[in-house]
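Subject: Structure handover

Hi,

Here is the structure for you to look through. My notes follow below it.

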Amino acid sequence: MLRRATSSLLSGVSRRRLSTDAPATPVVNSSFAEAWKKVSPNLEPPKTPLSFMKARPPTPSALPSKLTVNFVLPYASQLSAKEVDMVIVPATTGEMGVLPGHVATIAELKPGVLSVHEGNDVTKYFVSSGFAFIHANSVADIIAVEAVPVDRIDANLVQKGLQDFTQKLNSASTDLEKAEAQIGVDVHSALNSALSA
């Protein structure tokens with residue numbers, strides 16, 4: 001919304017190109033192509049990164065009613081082009097609610113609960129880490145290293161894991177052992193919070 005407001009104010013001023021503004025058709029630098037043909041007449045000129053980029057999807061003029069979510073793991077796709085009302089992601093900067101029309105954002109995920117709201121239905125996943133890419137065209141791409149539906153987590157195993165990693169943290173002698181134990185404590189504490197919420 002802010003982008004549209006500022007662009008209307010600056011309609012007479014040339015707009016600064018962004019690195020993600022790719023033209024609809026690939027741009028060929030003619031002077032480079034001519035110089036290349038002189039040096040290597042039998043080879044096609046190499047492509048630049050700009051020739052591989054797709055054009056940025058247009059920012060919709062009206063606010064969409066739904067948010068399109070893609071939620072993927074390294075080994076599976078949990079949600080693919082699913083239209084939902086809202087997603088709440090556990091960002092390192094705090095819980096972040098994403099609605100249709102959200103400003104473009106990249107957020108690092110911390111261990112916590114990812115909530116997908118669809119009408120009155122709420123599906124919750126525990127994510128270990130990852131990234132959320134929120135695009136200006138109301139598409140959210142969420143990439144997690146590991147995720148599991150909250151209702152499939154065993155509370156007894158979480159408590160046991162938390163005790164084990166707390167004991168390892170207290171008895172750790174090297175920095176590496178302390179770091180590994182601290183990660184275990186953080187993840188199991190987040191799992192415990194997810195179950196009690």
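How many salt bridges does a search of the whole structure find? The search finds four. Please keep in mind that this is a predicted model.

**Salt bridges**

Side chains of opposite charge can pair when their charged atoms come close.

Take K82 and E118. These two form a salt bridge, with 3.4 Å between the closest N and O atoms. K82 sits in strand β2 (residues 77-84), and E118 sits in strand β6 (residues 112-118). The pair therefore ties together parts that are 36 residues apart in sequence. K82 is partly exposed, at a relative accessible area of 31%. E118 is also partly exposed, with a value of 31%.

Next, K160 and D164. Their side chains meet in a salt bridge at 3.1 Å, N to O. Both residues belong to helix α4 and are four residues apart, so about one helical turn separates them. K160 has 47% relative accessibility and counts as partly exposed. D164 has 32% and counts as partly exposed too.

Then K37 and E44. The closest N and O atoms of this salt bridge are 3.8 Å apart. Is E44 buried or exposed? E44 counts as exposed, because its relative accessibility is 64% and the cut-off for exposed is over 50%. K37, at 37%, counts as partly exposed.

Two packed helices are described by the angle between their axes and the distance between the axes.

Helix α4 covers residues 155-171, and helix α5 covers residues 175-196. Their axes come within 8 Å. They cross at roughly 150 degrees. Angles over 145 degrees count as roughly antiparallel, so α4 and α5 are roughly antiparallel to each other. The crossing is left-handed.

Which residues make the contact?

- From α4: A155, V158, Q159, G161, L162, F165, T166, K168 and L169.
- From α5: K178, E180, A181, Q182, G184, V185, H188, S189, L191, N192 and L195.

By class, the contact has nine nonpolar, eight polar and three charged residues.

Best wishes

Technical notes
Residues numbered from 1 in each chain as written. Predicted model: local features only at pLDDT ≥ 70, side-chain atom pairs only at ≥ 80, totals over all residues. Heavy atoms only, no water. Axes fitted to C-alpha atoms, helices over the stretch in contact; angles between N-to-C directions. Helix = DSSP H or I, 4+ residues; strand = E, 2+ residues; numbered from the N terminus. Parallel < 35°, antiparallel > 145°, perpendicular 65-115°, else oblique. Left-handed = near helix turned anticlockwise from the far one by under 90°. Contact = heavy atoms within 4.5 Å. Nonpolar A, V, L, I, M, F, W, Y, C, P; charged D, E, K, R; others polar. Buried < 20%, exposed > 50% of the residue type's maximum accessible area, 1.4 Å probe, protein only.
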